[in-house]
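The structure is shown first, and the walk-through comes after it.

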Amino acid sequence: MKPKNKIIIVDDHLLFSQSLELLINSFKDFEVINRFENGKVFISYLQENTNSDVDLILLDVNMPVLDGVSTMKWIKENRPELKVIALSVNDDEEIIIKMLTNGAKGYLLKDTSPEIFKDCIISVIEKGFYFTELVSGMLVKKANNDTAKINLKDKEIIFIKHACTEKTYKEIASEMCLSPKTIDGYRECLFDKLEIKTRIGLVLYAIKNKIVLV
């Protein structure tokens with residue numbers, strides 16, 4: 001008999017995490033093996049159980065004591081092999097970029113339908129990532145673009161790397177010794193060239209094409 005995929009939920013909202021556990025356990029081949037109320041207790045668990053057998057982490061972004069972003073940074077530095085899907089009640093671009101560049105393999109809003117949620121956990125476990133068009137700003141058919149097929153200039157690549165940080169466009173302009181207007185031109189040109197709509201899409205393109213490593 002095929003073993004079930006083991007999932008851990010890290011979320012401070014008890015009612016939500018209990019409901020999510022029931023939903024996951026209703027899916028064939030999936031089971032929740034543990035739940036934690038914040039990143040601190042979850043990290044303590046990982047430190048005490050270095051050989052813990054887990055296939056997927058569902059990580060809330062907004063938690064007390066230690067939030068999802070800080071927890072994700074710890075995971076990237078200490079347990080980068082863990083597959084993580086970020087969960088949130090909002091689609092704040094800055095937070096999404098922080099979670100993705102620190103290694104999250106997916107980002108879901110908490111009002112996502114059970115069908116999309118199931119597709120997401122299956123995709124992350126089997127393929128390694130899952131991003132809805134809402135989050136990515138990219139068409140699915142563009143998800144596997146190869147950098148070699150797109151003629152990117154050196155300064156465009158430098159701009160993309162800066163865009164994958166927490167810097168504002170104004171700060172990127174200062175870093176590259178260019179005017180904000182020139183940076184706006186780089187951004188719009190890349191959006192058009194890569195057929196994306198948002199900075200998040202730019203970050204995903206960089207991650208998938210290894211322009212930045214996460």
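Two residues are in contact when they have heavy atoms within 4.5 Å of each other. The model is a predicted one. Ser 17 is a place to start: it belongs to helix α1, which covers residues 14–26. With neighbours within four places in sequence left aside, Ser 17 touches Ile 9, Asp 11 and Arg 35. Its relative accessibility is 2%, so Ser 17 counts as buried, the limit being under 20%.

Next come the charged pairs. Side chains of opposite charge can pair when their charged atoms come close. Salt bridges number 10 in this model. One of them joins Asp 53 and Lys 6, with an N to O distance of 3.8 Å. Asp 53 is in the loop between α2 (39–48) and β3 (56–60), whereas Lys 6 is in strand β1 (residues 5–10), so this pair links distant parts of the chain, 47 residues apart.

Lys 110 pairs with Asp 60, their closest N and O atoms lying 3.3 Å apart. Because Lys 110 is in the loop between β5 (106–109) and α5 (114–127) and Asp 60 is in strand β3, the bridge ties together parts 50 residues apart in sequence. Lys 110 and Asp 60 are both buried. Together with Asp 11, they are linked in a network of salt bridges; Asp 11 is also among the contacts of Ser 17.

A further salt bridge connects Glu 156 and Lys 193 at 3.1 Å, N to O. Glu 156 lies in helix α7 (residues 154–163) and Lys 193 in helix α9 (residues 180–194), so parts 37 residues apart in sequence are tied together. Glu 156 is buried, at 3% relative accessibility, while Lys 193 is partly exposed at 27%.

Key:
Residues are numbered from 1 along each chain as its sequence is written. This is a predicted model: local features need pLDDT of at least 70, side-chain atom pairs count only at pLDDT 80 or more; totals for chains, interfaces and linings use all residues. Side-chain values use heavy atoms; hydrogens and water are left out. Helices (H or I, at least four residues) and strands (E, at least two) are DSSP runs, numbered from the N terminus. Buried means under 20% relative accessible area, exposed over 50%, partly exposed in between (1.4 Å probe, protein chains only). A salt bridge is a side-chain nitrogen of Lys or Arg within 4 Å of a carboxyl oxygen of Asp or Glu.
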